[in-house]
Amino acid sequence: MIRLGLCIAALALAIQPASAQQQRRVQVTPYIEAGQVLAADLQSGDVLTYSTLGAGIDASVHTRRVEVQLSYQYEHRFAYGDNLNDDHTHSGLARAKAVVAPGLTLEAGAIATRTRADIRGDAPQSYAGNTRNVSQVYSAFAGPSLATHLGPMFVNAAYRFGYTKVEAPNDTGVPATQPRLDYYDDSTVHVATASVGVKSGVVLPVGITASGSFTREDAGQLDQRFEGKYGRGDVVLPVARGIALTAGVGYEQIQLSQRDPLLNGAGQPVLDSNGRFVTDEASPRRLAYDLSGVFWDAGVIWRPSRRTYLEARAGRRYGSMSYTGSFSYQTGPGSGVQIGVYDSVESFGQQLNGGLTTLPTAFVTTTDPFGNQFSGCIYGTVGSATGGCLNSVFASAVTSAYRARGVAGVAVLNRGNTRIGIGGGYARRTFIAPNVPGGAFSLDGSADESVYGQIFASTDVGRNGQLSGSVFASYYSIDLPGADSILGWGANTAYTHSFGHLGATVSAGIFGFDREGGSDTSAQALLALRYGF
């Protein structure tokens, strides 16, 4: 993660011409940090204290041709007794965009954070103290995009390579009587898209676009493979000032497959040292999903000004009705609202990697003592890139593919040294998996739902202080036997004061989750000192 971020920043500086170099804004601040944490279980009365030592870097490069931001921290815990395990974490986000030639852009990004592992397990909202059902996750992507013209026609093309890795979780909190689910490992994904067309009024009264896409993902677990491709044509008919009707039709093929888990003499899946199912290399490749056919949609586009855009579509895809749309409104520089309605066939790796590509290249970073900064909504700070939410992805790191449907929205306000962000949404995942012999449990046909929301605010206090706070909640449910719905919630505040290169942070928060038959509530506090070089 940190190597990728440093390479991005170095590339950004290297490709700048002399004129751009003179206008660049570059900030690179590596640092070390030491902290003391207190975590108190408000139900049992147990109190844990431990020390942390970490190192990180905050960097940004913004010129006319290059936009880069990197925020990364490695932290190690030092426990005082046997009631807390020594632990280490990686937390960070990097996004970059560089215009290397007229119409040709390179983009890259990476994230390191934590996710729920088992969809039936605990839902920790803080990672201080002893937490269950948590996995460290990493994802990165890179690729070029082209936007040019051939006479009256516009031509767009893009390619993206992505990689996602999830470490095996600790105790998930799921009773041993429940069926065992597999743990996500890693995947690589290739996505290529292209489109060509003419805008309305250039050649014809209507705009015409022909587009296509190819996606291939290979996952480590059970030799899973996802292959999808489609081609479609769209028309746009202006009917009034700022209003147009649109319709499209296409043909697509999607195929999901995997091999069986290796079974022991009792007919149960064999597990490796990390608790994942071992692949039976001699088993046949089993289809989980095999779709081919025509799809269509139609809708309306409303664009009354450069700052406002609305598109809503309804049609038939994946064997049922499908609804998609987007709305964006820029209220001012670095402030606005963005809402999206989506419906697609995905996997955990694809959705996380794709969500990373939509995040802004300038985003809010705060002193995050309890480890949840990049696992929820990310707020933009510059231009029209409002931000996005990753909560629906981190509902759990499932190995099965799924049909993802939902809505997510972000609103940000940046005024001087004050920043306010609001994010939330609803997500439903309907899982797709083949039926396999033996005792391996399949999620096929089951579905989970999540509802989430959060509010963030920060402001400067005097010349050297910053005060920030956030409130957040998530609700998860799944229609599996014996699985309970669970509500996770939390609130925290932090004050940071700078003494030149040295900074001090004081933070406090309360976090918890509630489910049928049990709940957990904890209060946490932190005192940390950071030295920036």
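Strands are taken here as DSSP runs of at least two residues, numbered from the N terminus, and two of them are regarded as paired if DSSP finds at least two bridges between them. In this predicted model, the hairpin of strand 9 and strand 10 has five residues between the strands, and within this hairpin Leu-222 adopts a positive phi near 55°. The two strands pair in the antiparallel sense over twelve bridges, with Glu-217 standing opposite Phe-226 in strand 10. Strand 9 (residues 207-219) is also joined by twelve bridges to strand 8 (residues 186-198), again in an antiparallel arrangement, and here Ser-187 stands opposite Ala-219 in strand 9.

A search of the whole structure identifies seven aromatic pairs. One of them is formed by Tyr-230 and Phe-295, whose ring centres lie 6.1 Å apart and whose planes meet at 85°, so that the pair is classed as edge-to-face, the cut-off for this class being over 60 degrees. This pair links distant parts of the chain, since Tyr-230 belongs to strand 10 (residues 225-240) and Phe-295 to strand 12 (residues 286-305), 65 residues apart.

Key
Residues numbered from 1 in each chain as written. Predicted model: local features only at pLDDT ≥ 70, side-chain atom pairs only at ≥ 80, totals over all residues. Heavy atoms only, no water. Phe/Tyr/Trp six-rings, centres within 6.5 Å; stacked < 30°, edge-to-face > 60°. Helix = DSSP H or I, 4+ residues; strand = E, 2+ residues; numbered from the N terminus.
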